[in-house]
Each structure stands twice: as C-alpha cells, then as structure tokens.
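Reader: I would like to learn how to read a protein model feature by feature. Could you take me through one, giving the general idea before each case?

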Amino acid sequence: MNPNAIATLEAHLLTELAQQPTEACRLFHGRGQCWKGLEQLTVDWLGGQCLISLFKLPDAAFIDALKAMAARLVQSAEWQACQPSALLLQYRDQPSTLTEVLWGELASTVLVKESGLTYQLDVGRNQNCGLFLDMKNGRDWVREQAAGKRVLNLFAYTCGFSIAAMAGGAEHVVNVDMAKAALSRGRDNHRHNEHDLSQVSFLGHDIFKSWGKIRKLGLYDLIVIDPPSFQKGSFALTKDYQRILRRLPELLADNGTVLACVNDPHIPAAFLIEEMEREAPSLRYRERIANPAAFKDIDPEGGLKSLIFK
C-alpha cells in the first residue's frame, strides 16, 4: 500500500460521489489489483454510510495519508450533495474487525436499496454487512428468471437471492443456512419488501444433514448455490462442493436451472464446470454472469464466478 496513491483514490471517490449514488454500491475496488498501491482497500456506499475497508493493515504513513484524504473528502461539495451520515474506516484483518468513525455517526443498522429492493444491513459490527455487493448481477438474474418457479436457495445467508426471486414472482422459495440469525435477518428483509412469507421457507440446518427436508419441499425449477470458500467445521469448497452437486439431479424439476457460484480468487471457473460434469453429468454449463463493472479485476478468475447450468 502506497501513500502516494491516495491522491488517485481521492480523485476517483470525488468522481463517483458526483453521481450521487442512491443505492448500495461499491465506489472503489482495489482488491481487483487494478489500482497500484491500493490493492488492499475498498470503499462501499451503504445508505449514506460510506465504509472504507482495509484488508491488510498498512504502515502508519498510509493511515495518516488516508485520514487526511478523508478530512478533505467530507468538506467537498460532492460529499455534501450525497447527504451522507458517516464515513467509516474498517480494519478487516483485526481479530474483532475494528471500525473507526472518521466523520458523522455510525448507524449500526441501515436500510439500503439495490435494484429497487430493500435490504437491512449491519454496518461496522462484523466483517460482512449482510449483502455481498459483487453478487448484484446474480440477484438481478434470479429476479428475471423466477416467475412461477420453485426456488431452492442454498447457503442463503440473509436471503438476498430469495428477496430477488420473490420480487420476480417466484411461486415458493426455500432458504437453507445453518446460521439461524442470518435467516432471521432474511425474514426481516422479506418483510421490508412486503413479501408473503407463506411463500417462503427458512431451514436453519446443516445442509448436509437436511437433504430429506430439502427434498420434501421440492422439486425445484431453480437452485442457487452460493457457499463460503471455507467455514470451519462445516464447509471446505474444494472437498465439499461435490457433495452438493451430486444431489442436484434428484432435486431439480425437468428443464431445471442451477446458478452455482465460487468466490475464491484461487479457484477458477473451470473447477466448478469440471466437477459438475463429473458429479451431475445431466447438467450442462451455459454461461457466466458478468460481475458489476465496479468489481473490475485484473485476473478474470480472481473475482466472483457465477455460472449457469441447465
């Protein structure tokens, strides 16, 4: 991380803020390795809360330059026109994910919009706020495909895909995640969008111990698989993904569709295509959903991989 690159970050943020963002979005994505000297930094706009995230602690000179830039930023006309409420600095590599308020007041819970839908986020308390912004195009795609369909959302987290599916007219969505607190937030998200919860199921179980329950609520026209890269004691992508893929034929309705995702920079799309061919050969790879433009990556395999199979 290079303090001399802060001027580039400042110019970029002023340009983005001049657009007066009204929905949750990434303003700056250094993690894609396209901005020399800023590779461990991102900036997100979350309902007036502007969150700067450092994924690796830089030296004191960089921190000083970053905070000086922040002090100038909050005085700019571009910043003030956006009606912000806080500028936050999050140290992602610290054990307790420290978040420092540089300006304004931290609102730990905020409502944001994405593609016109409402999501409740927890900002600054945990590493993840409740909505992965790089998956926006995937959620939009599910919304476009969902009309009249039964949808299975595996590793549902706070049910972003479920919100999108219901907005697109899904007949029923089944959300599965072992984190019951995340599913509870998912219920809140559906309520914020005035969805009929009788059309949505929430299974707070370990996926690998719940195939009977999942099958009972099927068959499914669309299955979404968006697992973590690693979850201690429950999921390791390279050895456990296959256990899910081999179940797909018994869960899918005729002509069913699967959206399968990988978000590990070290695992290419080919891994998922090859494993699907091995474990569920009746499914064929069709296309890859492009990531939002803000998430440009110097390596096409370095960012999120969202693949569609039929």
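Reader: Where is the place of Tyr157?

Author: Tyr157 is found in the loop between strand E8 (150-154) and H5, where helices (H or I, at least four residues) and strands (E, at least two) are DSSP runs, numbered from the N terminus. This is a predicted model, in which local features need pLDDT of at least 70, side-chain atom pairs count only at pLDDT 80 or more, and totals for chains, interfaces and linings use all residues. Residues are numbered from 1 along each chain as its sequence is written, and side-chain values use heavy atoms, with hydrogens and water left out.

Reader: What is the phi of Tyr157?

Author: Most residues other than glycine have a negative phi, and most peptide bonds are trans. Tyr157, although not a glycine, has a positive phi of about 55 degrees. Ser115, in the loop between strand E6 (109-114) and E7, also has a positive phi, near 50 degrees. After H5 comes Gly169, with a positive phi near 95 degrees. As for peptide bonds, the one that joins Gly218 and Leu219 is cis, with omega about 5 degrees, and Leu219 belongs to the loop between helix H7 (211-216) and strand E11 (220-225).

Reader: Which residues of H5 are buried?

Author: Buried means under 20% relative accessible area, exposed over 50%, and partly exposed in between (1.4 Å probe, protein chains only). In H5, the buried residues are Gly160, Phe161, Ser162, Ile163, Ala164, Ala165 and Met166; because seven of its eight residues are buried, H5 is largely enclosed by the rest of the structure. Tyr157, at 25% relative accessibility, counts as partly exposed, and so does Ser115 at 24%. Ala77 in helix H3 (residues 77-81) is exposed, with a relative accessible area of 60%.

Reader: How do the axes of H4 and H5 cross?

Author: An α-helix has 3.6 residues a turn, so residues three or four places apart point the same way. Axes are lines fitted to C-alpha atoms, for helices over the stretch in contact, and angles run from 0 to 180 degrees between N-to-C directions. The axes of helix H4 (residues 136-145) and helix H5 (residues 160-167) cross at roughly 35 degrees and come within 7 Å. Gly138, Arg139, Val142 and Arg143 of H4 make the contact with Gly160, Phe161, Ala164, Ala165 and Ala167 of H5, contact meaning heavy atoms within 4.5 Å. By class, this contact of H4 with H5 has five nonpolar, two polar and two charged residues (Ala, Val, Leu, Ile, Met, Phe, Trp, Tyr, Cys and Pro count as nonpolar, Asp, Glu, Lys and Arg as charged, and the others, Gly among them, as polar).

Reader: How much space lies in the largest cavity, and which residues line the largest cavity?

Author: Rolling a probe the size of a water molecule over the atoms shows where empty space is left. On a 1 Å grid over the protein atoms alone, a cavity is a set of points where a 1.4 Å probe fits but cannot get out, and lining residues have an atom within 4 Å of a point. Grid points are joined across faces, edges and corners, and a volume is the space filled by probe spheres set on the points. The structure holds one cavity of 30 Å³ or more, and the largest cavity has about 30 Å³ of space. Its lining consists of Glu114, Ser115, Leu117, Tyr119, Arg139, Asp140, Arg143 and Ala164, with H4 giving the most, three residues.

Note on methods. On a 1 Å grid over the protein atoms alone, a cavity is a set of points where a 1.4 Å probe fits but cannot get out, and a pocket is an open set with protein on both sides within 12 Å along at least five of seven lines; lining residues have an atom within 4 Å of a point.
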